[in-house]
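Please consult the sequence and the structure shown here while reading.

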Number of protein chains: 2
Amino acid sequence: MTLVNVTTPGGNYPIHIQSGRLGALDTAIPADATAIALVSNATVLARYGQRVRQALGRTGKPLVEVVLPDGEAHKTWQSLNMIFDELLQNTLDRKAVLVAFGGGVIGDMGGFAAACYMRGIRFIQVPTTLLAQVDSSVGGKTAINHPLGKNMIGAFHQPISVEIDPAVLATLPPREISAGLAEVVKYGLIIDAPFFEWCERNAGALRALEPQVLTYAIQRSCELKAHVVSQDERESGLRAILNLGHTFGHAIEAGLGYGAWLHGEAVGCGMVQAAELSADLLGFPRADVERVRSLIEAIGCPTVAPDLGRDRWVRLMGNDKKVQGGSLRFVLMPRIGEAVCTDVDAAALDAVFQRTVGAGV
Amino acid sequence: MTLVNVTTPGGNYPIHIQSGRLGALDTAIPADATAIALVSNATVLARYGQRVRQALGRTGKPLVEVVLPDGEAHKTWQSLNMIFDELLQNTLDRKAVLVAFGGGVIGDMGGFAAACYMRGIRFIQVPTTLLAQVDSSVGGKTAINHPLGKNMIGAFHQPISVEIDPAVLATLPPREISAGLAEVVKYGLIIDAPFFEWCERNAGALRALEPQVLTYAIQRSCELKAHVVSQDERESGLRAILNLGHTFGHAIEAGLGYGAWLHGEAVGCGMVQAAELSADLLGFPRADVERVRSLIEAIGCPTVAPDLGRDRWVRLMGNDKKVQGGSLRFVLMPRIGEAVCTDVDAAALDAVFQRTVGAGV
């Protein structure tokens, strides 16, 4: 088993990475837990429910299942309230433990429910998508969407552990593998140039889910994310670099309607746009813009952004959480492996839109 | 001006107590705030809105007003969402500051909105009821109600300051003064016997809002609450003693429907019930039960509990947050000025119901 430790003011916790980990989930439940709330969706439960129920059953603790509707469009207060209803109807108390078993949507909602239920109960992340395994399950960010913006309502609430079973990725649609790989590439871009190069060399093996290559990508991504989060749990500084490509990406997701593009796809495309903007403003080498574009393409993500209309682009980016005092804030790269946060005047974006937005998209 | 400091892992902050403090609220707004969200209700704004707007206006910062419906019955997700809608429509960012200006309901909802908006923004408590001034505005507990229980969904989120203007209490209905005094008496009962005796001597002056007596009661209550909260921000131990009377009280509130009794009234009555239970189980002197009953009566709170039906009483108390693993948990007193948390078998409650529940209530 591979172990990565996360250290934050909000708590220290382990990430366990192991093929077959689902069958050993009982070992992750604290002895003093009064009950377990298993929060998941029908797709995940149909495939892995029995294995997980069997493992959790070995704890002898009461198990309450909450089955949420699937997809980003359901990351709403209504879904969140389904969790609260179920937990309260079963009179789960403050010593209950919530297990968020699914992709990023389940992790975000399960985590936020755990953050708010009785002002906070413990929870465990069991991510079943590549994107959740390498990104959203680590670091304690939880949230739901608001009609006016993605992840606008949420909390920083650290899990007590993250349990990753890479074997579950075998049943994931190829599009979701590609979307997850975008976040893997992101770590290389913002903080680890050799890892970016490793991704360039292994793009094919990653898409083919070659086990050792995949496990290393997950481990390295978790290590890099843990490193950043350890230094800045609440995104007051360094952590913001994890948002490379996200200002563009969120605009794409909001502009097309949540769920049209996968989050990772939008971020992948957004990283190409951020590279272009970095070239214009920070002297990021043009040749490296092409390396970014090629790698995003190689992992199977779109590199041509949708035509939302210039003003709508800017407005959607302006509603993003990372706005400060009205100016647009971007994560940009001086070079591969290094990232900075910069305020950008909207006028500077026009050239980027020209080079990255496809009229027919 | 009287200053009380609160020290918690979640942040240190001052409580300022001063007659006329409303007119100086601008001094509480941090220089780097990008905007101010004033969250209040129509009653409070009609009376003090102009004075507060004028004070906050001196900061030169954009001011967004959110007017919420009044009363415990509106401490819901729907009201909370009105805050989110307004803040997002006005594109308030993470550096905005929320000012919760009103009673406990406004403080709880404003605080919870600040805890969740973009995963947490700063907020200031400006409590306008006695109960909020001596209790709910201090300590960082925020929440909304759920149909299945009071304050079930919430967060620990400390304000950056608490601004108390005792002069506003002059316009408060006498019932609300009485309800607030119940929490004042509570501090004496759980942690400060001399203060309990001081309350006995000054019950009349307190109800008459004698300025110096009232200000001392607020100051001492804030000091005692700050003392408890400093040692146990998240209610893992000591802080639970602040819930004296609350298990009974919450059942009264839920059983009659939120708003029928004021929170402080329910807690006042609940403290008489807790004293009775303490006499049965911990040898709390019977004569002191009568002192508690007399003082609760003297401050104008009910001392006879409503007849919810025995099973309903127990069920409603069982749904209270303080339940652990199925057993009923109460704050009880071995003597005045000392409190402990104890698991109690439901059978032990019957005698208390007989002595405290009025058939005709």
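Across the interface of domain 1 of chain A and domain 2 of chain A, seven residue pairs, both at pLDDT 80 or more, are in polar contact. A polar contact is a pair of N or O atoms within 3.5 Å; within protein, one must be able to donate a hydrogen and the other to accept it, and residues adjacent in sequence count only if both atoms are side-chain atoms. On the side of domain 1 of chain A that touches domain 2 of chain A, the residues comprise 17 nonpolar, 14 polar and four charged. Ala, Val, Leu, Ile, Met, Phe, Trp, Tyr, Cys and Pro count as nonpolar, Asp, Glu, Lys and Arg as charged, and the others, Gly among them, as polar.

This is a predicted model, in which local features need pLDDT of at least 70 and side-chain atom pairs count only at pLDDT 80 or more, while totals for chains, interfaces and linings use all residues. Residues are numbered from 1 along each chain as its sequence is written, chains are lettered from A and ligands numbered from 1 in the order in which they are written, and side-chain values use heavy atoms, with hydrogens and water left out.

The two domains, whose bounds come from an automatic or database domain assignment, are as follows.

| Domain | Residues |
|---|---|
| domain 1 of chain A | 2–171 |
| domain 2 of chain A | 174–356 |

Two salt bridges (a side-chain nitrogen of Lys or Arg within 4 Å of a carboxyl oxygen of Asp or Glu) are counted between domain 1 of chain A and domain 2 of chain A. Asp135(A) and Lys225(A) form a salt bridge through their side chains, at 2.7 Å from N to O.

The centres of domain 1 of chain A and domain 2 of chain A, taken over C-alpha atoms, lie 26 Å apart. Each of these domains gives 35 residues to the contact, defined as heavy atoms within 4.5 Å.
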